[in-house]
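Subject: Structure handover

Hello,

Here is the structure you were waiting for. Please open it beside this email and read along.

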Amino acid sequence: MPANEDRRYLQRADFDIAAGVCVERTIVRLGLLAFLGRRPDNRFMQVVRRRVLAIAFSIVLLGSLSSAGSGRAATDPRATVVVITSGVLPEAERLGSRDYGYADYALVLRNRSLAKDALDVTVEVEGVDGDGRSMTDSYTTVTLIPAGADFVISGALIWSGSAELAGIETEVHVGQSAPRGRRLPTVKHVSMTSSGRVLGSFTNPYKKPLPASATIYGVVLDSRGRIVATGYGLTDAVARPGAIVAFDILAASTTAQRDVVTSAKVSVDPCGYLVFTRVCPVPGAQR
């Protein structure tokens with residue numbers, strides 16, 4: 001075949017291989033979670049499975065869109081998103097008689113640009129052992145971080161074997177930058193209960209409904225600003241424009257003492273794992 005067609009064929013093959021790796025990697029993890037979910041002592045696995053399904057959707061969709069969006073992203077003036085605070089909360093007891101390990105993590109992200117909104121932000125969190133070797137990783141997609149704004153996220157890490165998690169490493173990528181002006185749902189009346197729940201409400205500020213995939217992230221901080229508990233939840237219901245939605249998040253922690261908890265931060269991703277779809281109400285986030 002002609003040389004140009006050879007190159008195009010090889011490019012498509014490279015992309016197919018990369019996408020296949022993502023899918024295979026996701027399928028392996030989902031199989032592990034399905035196995036663990038059958039164990040009655042894994043009380044948190046239902047929540048983890050829902051998060052992994054959302055992550056799997058995001059990974060595959062990101063892979064399918066990477067070649068189409070790379071040309072525009074390379075020419076855009078970029079918003080810069082960084083991690084300003086992180087926390088890792090290991091599970092108190094090992095899973096499956098030390099066959100598996102589990103930990104929650106939380107991050108506070110900041111868009112350092114005062115002129116550009118950051119859209120389609122992907123965050124990779126890698127769990128490492130004491131020698132700095134990778135044990136596991138997790139991916140989260142954030143629809144929007146407005147110019148100059150902070151955004152909190154949380155997630156879970158699962159790994160096999162008896163190795164202890166020593167820490168995390170993070171990598172953040174901004175898919176698109178756009179002139180400032182977009183808004184996130186407004187969060188109000190945040191409070192904490194003695195049982196470790198984070199309560200509050202948010203308002204849909206858009207002209208379109210919020211999908212049921214809209215995701216609420218919460219982190220709990222001590223007096224030194226350290227993350228001591230974290231949790232997340234989905235709205236699980238479509239919210240009409242202007243609607244006020246109450247939330248109640250269980251902030252899981254194995255280390256926090258109630259007397260050291262001083263504040264909580266909550267962020268709402270308006271699209272969650274349905275970013276890039278037509279139901280996402282954020283201008284510029286649809287494909």
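Below are the notes on what was found.

First, the ground rules. This is a predicted model, in which local features need pLDDT of at least 70, side-chain atom pairs count only at pLDDT 80 or more, and totals for chains, interfaces and linings use all residues. Residues are numbered from 1 along each chain as its sequence is written, and side-chain values use heavy atoms, with hydrogens and water left out.

**Overall build**

The chain has two helices and twelve strands. These are DSSP runs numbered from the N terminus (helices: H or I, at least four residues; strands: E, at least two). From the N terminus on, the order is α-α-β-β-β-β-β-β-β-β-β-β-β-β. The chain holds 287 residues, and 45% of them count as buried. Buried means under 20% relative accessible area, exposed over 50%, and partly exposed in between (1.4 Å probe, protein chains only).

Contact means heavy atoms within 4.5 Å. Among contacts between residues at least 6 apart in sequence, 73% join residues at least 24 apart.

**Core**

A nonpolar core is a set of buried Ala, Val, Leu, Ile, Met, Phe, Trp, Tyr and Cys residues joined through side-chain atoms within 4.5 Å. The largest one has 56 residues. Leu-107, Val-121, Ile-145, Ile-153 and Val-282 touch the most other members. Strand E2 (residues 100–111) gives the most to this core, with six residues. Setting aside neighbours within four places in sequence, the contacts of Leu-107 include Val-83, Val-123, Phe-151, Ile-168 and Ile-227.

**Salt bridges**

A salt bridge here is a side-chain nitrogen of Lys or Arg within 4 Å of a carboxyl oxygen of Asp or Glu. The whole structure has six.

- Asp-117 pairs with Arg-182 at 3.4 Å, N to O. The two sit 65 residues apart, with Asp-117 in strand E3 (residues 116–128) and Arg-182 in the loop between strand E6 (167–179) and strand E7 (186–192). Asp-117 is buried, at 1% relative accessibility.
- Asp-248 pairs with Arg-197 at 2.6 Å, N to O. This pair spans 51 residues, from Arg-197 in strand E8 (residues 197–203) to Asp-248 in strand E11 (residues 244–250). Asp-248 is partly exposed at 45%, and Arg-197 is partly exposed at 29%.
- Asp-129 pairs with Arg-133, with their closest N and O atoms 3.0 Å apart. Asp-129 is buried at 13%, whereas Arg-133 is exposed at 51%. Asp-131 joins Asp-129 and Arg-133 in a network of salt bridges.

Best wishes
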